[in-house]
Amino acid sequence: MESIEAIAASVRSGVVDPVELVEQALKRAEETAGLNAVVHLDADGAREAAARHDRTGALAGIPVLVKEIIEVEGLPYRCGSLTMDGLGTSDADVVRRLRAAGAIVIGLSHSHEFAYGCTGTSNREGPCHNPHDPSRITGGSSAGAAVAVAAGVVQLAIGTDTAGSVRIPAALCGVVGFKPARGTLPTNGVFPLSQSLDHVGVLTATVADAQYAVDSLTGQQTSRTAGPPRLGLALNPEHLDCSPEVLGLWTTAIAKLQAAGAATTRLQLPDWTETNQVAIDLQGPEAVANHVGRDIDAYQLDVQERLREAAEVPAWRYVRARDRVGSLTAELRVALGGVDALLMPTVQLVAPTFEEVRADSTNIRAKLLRNTRLANLTGYPAYSIPLPTASLPVGLQVIALDNQSAGQVAHWIENALISRPE
């Protein structure tokens, strides 16, 4: 598959027609409609944009899907909820940047209702289905974005990530998810879940595509070349409390990276119990505040339950959590000071079935979120990279102090793993 950068260059040079790219994406979206990744396909708008495209921009002619909690002018703005039925009145800032870079928005991707869920099961249009096995969940909340990339609908999808919502579905669906450092991509025009933790991110097939997409949306240019990195592996036992399938692929991957020249060292991270609780105590009250005055009785049942639980968090816990963020971020900065990046499994289990989620949702949610909250709390960038496997996808998470370091390490790891197949 050609890279996003190469395709955009071919559009600019006149070799590739944006109309052809859009038609391919629309056709594939129709072919994979049963996965429920795309909740609104703007075929007419996409064709019109392709026909009048001026063949300029870093993302020239690239079809893209936007998560439905991100406002797009003239498209449904429903956030996956039966309580919303309006149209977007203006483009979110990230959508403006997409258009300015030459990308063509072809529609909206499935989100867990209001992005308040990590399974991708709760939406007015029904659940999103994993392309590797439709009886299994996708993860969430950027469910449709991950599925659309994995199923070949688009090579670039825009998601949001508050506690892992880009990286979790990326891991379970076998694609790359990149949550850049806080503030890299603007959140204006995104329905907020938790303003302290919300990030906008991208889902792509490769690390290089993710880097190129973010660079295109920020006007920056990050280097992809680096030698064998120094990698930190978490000592905290909570981060490796994984299923046998995940632990096996993780162990094999680390051995491959060491054989390829990476140096590894064990790191003691900030106490997991505390960082997890601080993240929960920030997210919950902010989510409640964002839904004041709305009819939550009409929300999906799991989202109702989450908001009611969050409403019970006392104000002193929220204030304490805000006070603690800075020191926890500093602790992680110190821990990462001697390495290029921290590695851990993105998600601690392979995609469970819908039936397994119904039977044990509390435990499964905990496993899905356990390793991803830390990057949102501290604001540091994080990638999820698919590990080589012939079975259900598993993701490897890369956390670093800045976007450049994260990208260089992720790119090196991807190349090292691909060049040494099973």
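What is the relative accessible area of G45, and is the residue buried or exposed, or something in between?

Modeller: G45 has a relative accessible area of 25% and is partly exposed; that label sits between buried (under 20% relative accessible area) and exposed (over 50%), using a 1.4 Å probe and protein chains only. Before going on, bear in mind that this is a predicted model, where local features need pLDDT of at least 70, side-chain atom pairs count only at pLDDT 80 or more, and totals for chains, interfaces and linings use all residues. Residues are numbered from 1 along each chain as its sequence is written, and side-chain values use heavy atoms, leaving out hydrogens and water.

So, back to the spot you asked about. G45 belongs to helix α3, residues 43–51 (helices are DSSP runs of H or I with at least four residues, strands are E runs with at least two, and both are numbered from the N terminus). A sequence gap of 29 residues separates G45 from G74, yet their C-alpha atoms are 9.6 Å apart in space.

(The test for a salt bridge is a side-chain nitrogen of Lys or Arg within 4 Å of a carboxyl oxygen of Asp or Glu.) E23 comes from helix α2, so the pair ties together parts that are 24 residues apart in sequence. Both partners are partly exposed: E23 is at 31% relative accessibility and R47 at 38%.

N36 lies in the loop between α2 (18–31) and β1 (38–41), and its phi is near 65°, a positive value in a residue other than glycine. N36 is buried, with a relative accessible area of 14%.

As a general point, an α-helix has 3.6 residues a turn, so residues three or four places apart point the same way. Here both R306 and D302 are buried. E331 and R324 also meet in a salt bridge, at 3.2 Å N to O, but E331 is partly exposed at 34% and R324 is partly exposed at 23%. There's a network too, linking R78, D85, R124 and E125 through salt bridges.

Finally, the inside. The largest nonpolar core has 80 residues, and L59, L156, I158, L257, L343, Y383 and I413 have the most contacts inside it. (Such a core is a set of buried Ala, Val, Leu, Ile, Met, Phe, Trp, Tyr and Cys residues joined through side-chain atoms within 4.5 Å.) Helix α15 gives the largest share of this core, seven residues. A second, separate core of 28 residues includes A29, V149, A151 and C173. Helix α13 (residues 361–369) has buried residues as well: I364, K367, L368 and L369.
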